[in-house]
Amino acid sequence: MTIIRFFFFLSLFFYSSDLFSQSLRATDSGLVVDFSGVFSVFFGEHPKPRTTDGSNSTLGSNSSSNLSSQQINTTIYPVLELFQSDNQVGSTWFSAVTYCEKLKVDGGSWRLPTQRELTLFWLFQSHLNSSSTFSPLLGHYWSSTESSATGSWSILFPLGENYPSNKIKQCRVRCVRDVPIGKGR
């Protein structure tokens, strides 16, 4: 299996996440992370979709309305709330997508993070894990981004290794939601 270190050189180039103007703010359900000051990140203007038309055995469409598409993975919403603890441990990919979509904690609107979003969380994990209200990211986590009809990207924390994993593999789930810029939850 090929191990891909997504953004590995980006993390080396920046030396320290202290150079970024990101901020963390605790909420009742997690941490709000503001990535709007991160250099070299392409931000989307609209919140991401929360559903997929793919399954554990089929590839979803590459469209702006499909959470699992490569098109959705090209941008990052600048302000995200990351749930405070793992939502599920040992979940297939489609179960992970569905779980986050249906999660109603603190008003709902949760979704599975994209591969790029999880990679940014990996880059900032020391800041995230230093919060007393946040459970550290440890283990393989599903991203919403598909790699094939039967595969999706997962990221191993704390190492940051990206794997194209079989969708029926059991991985951890940490849901996120888009936070409108200038608004708090």
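In which sense do strand S5 and S6 pair, and over how many bridges? Strand S5 (residues 139-146) pairs with S6 in the antiparallel sense, over five bridges.

## Basis of the description

The model is predicted, and local features need pLDDT of at least 70, side-chain atom pairs count only at pLDDT 80 or more, and totals for chains, interfaces and linings use all residues. Residues are numbered from 1 along each chain as its sequence is written, and side-chain values use heavy atoms, with hydrogens and water left out.

Helices (H or I, at least four residues) and strands (E, at least two) are DSSP runs, numbered from the N terminus. Two strands pair if DSSP finds at least two bridges between them.

Strand S6 comprises residues 151-157, and seven of its seven residues are buried, so the strand is largely enclosed by the rest of the structure. Here buried means under 20% relative accessible area, exposed over 50%, and partly exposed in between (1.4 Å probe, protein chains only). In a regular strand the side chains alternate between the two faces of the sheet. Both faces of S6 are covered, with Gly-151, Trp-153, Ile-155 and Phe-157 buried on one side and Ser-152, Ser-154 and Leu-156 buried on the other.

Three residues lie between the strands in the hairpin of S6 and S7, where Gly-160 takes a positive phi near 85°.

## Ser-165 in strand S7

Ser-165 belongs to strand S7 and is buried, with a relative accessible area of 4%. Contact means heavy atoms within 4.5 Å. Leaving aside neighbours within four places in sequence, Ser-165 is in contact with Trp-142, Thr-150, Gly-151, Ser-152 and Ser-154.

## The buried side of helix H3

Within H3, Trp-93, Ala-96, Val-97 and Cys-100 are buried. These residues cover an arc of only 100° around the axis, which puts them on the same side of H3; the arc is that of the directions from the helix axis to the C-beta atoms. The cover over the buried residues of H3 includes strand S4 (88-91), S5, S6 and S8.

Ala-96, in helix H3, has a relative accessible area of 0%. Leaving aside neighbours within four places in sequence, the contacts of Ala-96 are Gln-88, Ser-91, Leu-112, Trp-142 and Val-173. Ala-96 and Leu-112 are 16 residues apart in sequence, and their C-alpha atoms are 7.0 Å apart.

## The disulfide

A disulfide is a pair of cysteine sulfur atoms within 2.5 Å, and the count by this rule is one. Cys-100 and Cys-175 form a disulfide with their sulfur atoms 2.1 Å apart, and the link is left-handed, with -85° about the S-S bond. Cys-100 lies in helix H3 (residues 93-102) and Cys-175 in the loop between strand S8 (171-173) and strand S9 (176-178), so the pair ties together parts that are 75 residues apart in sequence.

Cys-100 is buried at a relative accessible area of 0%, and Cys-175 counts as buried at 0% relative accessibility. Cys-171 counts as buried at 2%.

## Aromatic pairs and charges over rings

Rings of Phe, Tyr and Trp (its six-membered ring) pair if their centres lie within 6.5 Å; planes under 30 degrees apart count as stacked, over 60 as edge-to-face and the rest as tilted. This rule gives two aromatic pairs. The rings of Phe-83 and Trp-110 have centres 5.1 Å apart and planes at 80°, so the pair is edge-to-face. Phe-83 is in strand S3 (residues 79-83) and Trp-110 in the loop between H3 and helix H4 (115-123), 27 residues apart. Both Phe-83 and Trp-110 are buried. The rings of Tyr-141 and Phe-157 have centres 5.5 Å apart and planes at 90°, so this pair is edge-to-face. Tyr-141 in strand S5 and Phe-157 in strand S6 are 16 residues apart, and both are buried.

A charge sits over a ring if NZ of Lys or CZ of Arg is within 6 Å of the ring centre and within 35 degrees of the ring normal. The charged end of Lys-167 sits over the ring of Trp-93, 4.4 Å from its centre. Arg-174 lies over the face of Phe-134, 4.8 Å from the ring centre.
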